[in-house]
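Please look at the structure first and then read the points below.

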Amino acid sequence: MNSDKTTILSSGGVPRLLAAALLATLCACACRRPAPPASAPAASGTASAIAAAKTLAAALDTVSGDRTLANATAFTDLGPKLPGTPESAAAADWLLARFAEAGAPAEAVPFTDPAPAGPQSFRNVVATIPPAPGTVPDGALPNLLLFAAHYDTKSGIPGFLGANDSASGVAVLLELARALAVHPLPGTEIRLACLDGEECAVQYGPRDGLHGSRRWAADLEASGDLRRIRAFILLDMVGDADFTPTLPRNCAPALLHLAFEAARAEGVRNRVSLFPGPVLDDHVPFHDRGVPALDLIDFQYGSAPGLNDYWHTPADTPDKLSAASLALAARLALRVAFSLP
Ligand SMILES: [Zn+2]
């Protein structure tokens, strides 16, 4: 199966890789690089570097794999989360409560988007953590750092609960919120979004899949905030007990470098690799707008190397996850966040 990546990635009968290429082509004419940020500079200099290293160490210390696994299991136990359903609304309420407990107040952002069966209701959940106090010059706007994970589950698969796809990313997002609420970044506001409608209903296209990320990116572009974004970091399928991140090539090279350096610092550099090609995921609407984007994803998810037989099947259950993998994903994301240029 490893030799046929389009089979591994196919969703709704259409190769995800092909869909990515098509979407990239569609977006190419509309994409432009954002102007340099007219906002607060990142921390620099020896003193601030030492302070940042101390803050990173403290943030890493707060990460609990057991708590993250408990959240992933609890979220999975809520059942399927198809957009627009009462179960999805209940999941969003659960997220709002968990973000509040983590010290990162969140709000639900409902919207309607064209979908294959007609206009469809969706709901993103976005938490905000302000910059460290006193680190944004008067009159300046803070930079932005975005984290995201999708929380909807794939439709059309009886018994599918999505422990790894999507509860793992959601649980890591909550753990990042808890760490960063206590140890915020200087000069940078953090937003963490649980995105709706990542999964396609039929096949990926302008009206199917990536609904939450496309809306969020469009809203940030319309408000002029896109240019303040230092990075967009996506967490998807990050709980596999055999955690071997496969970083898509349609990510910002600088962020890929930071991810590999983070893995080296964690002593797991040999577990992280570049995926052979691009992947269509929630980072694409940002990547295509020139935002530095990273998709922290492990697309190897099965009972044996290359099988991928847990992905989009009823076998995607919490017993396939591990606390150590979830903690590692959170730690890698924190290391990247604290090493941004
Ligand atoms: Zn999926």
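The buried residues of α7 pack against β1 (106-113), β2 (120-129), β3 (143-150), β4 (188-195) and α9 (284-287); two residues are in contact if their C-beta atoms, placed from the backbone, lie within 7 Å. This is a predicted model, in which local features need pLDDT of at least 70, side-chain atom pairs count only at pLDDT 80 or more, and totals for chains, interfaces and linings use all residues. Residues are numbered from 1 along each chain as its sequence is written. Helices (H or I, at least four residues) and strands (E, at least two) are DSSP runs, numbered from the N terminus.

**Helix α7**
- The twelve residues of α7 (residues 211-222) reach 16 Å from the first C-alpha to the last, close to the expected 16 Å, where the expected span is 1.5 Å times one less than the number of residues.
- Buried residues of α7 include H211, W216 and L220; a residue is buried if 20 or more other C-beta atoms lie within 10 Å of its own, with C-beta atoms placed from the backbone.

**Strand β2 and its partners**
- Because seven of the ten residues of β2 are buried, this strand is largely enclosed by the rest of the structure.
- β2 pairs with β1 in the antiparallel sense over eight bridges; two strands pair if DSSP finds at least two bridges between them.
- N124 in β2 is the bridge partner of V109.
- Six residues lie between the strands in the hairpin of β1 and β2, where G118 takes a positive phi near 115°.
- β2 also pairs with β4 in the antiparallel sense, over five bridges, and V126 stands opposite A193 in β4.

Notes
A residue is buried if 20 or more other C-beta atoms lie within 10 Å of its own, exposed if 12 or fewer, and partly exposed in between; C-beta atoms are placed from the backbone.
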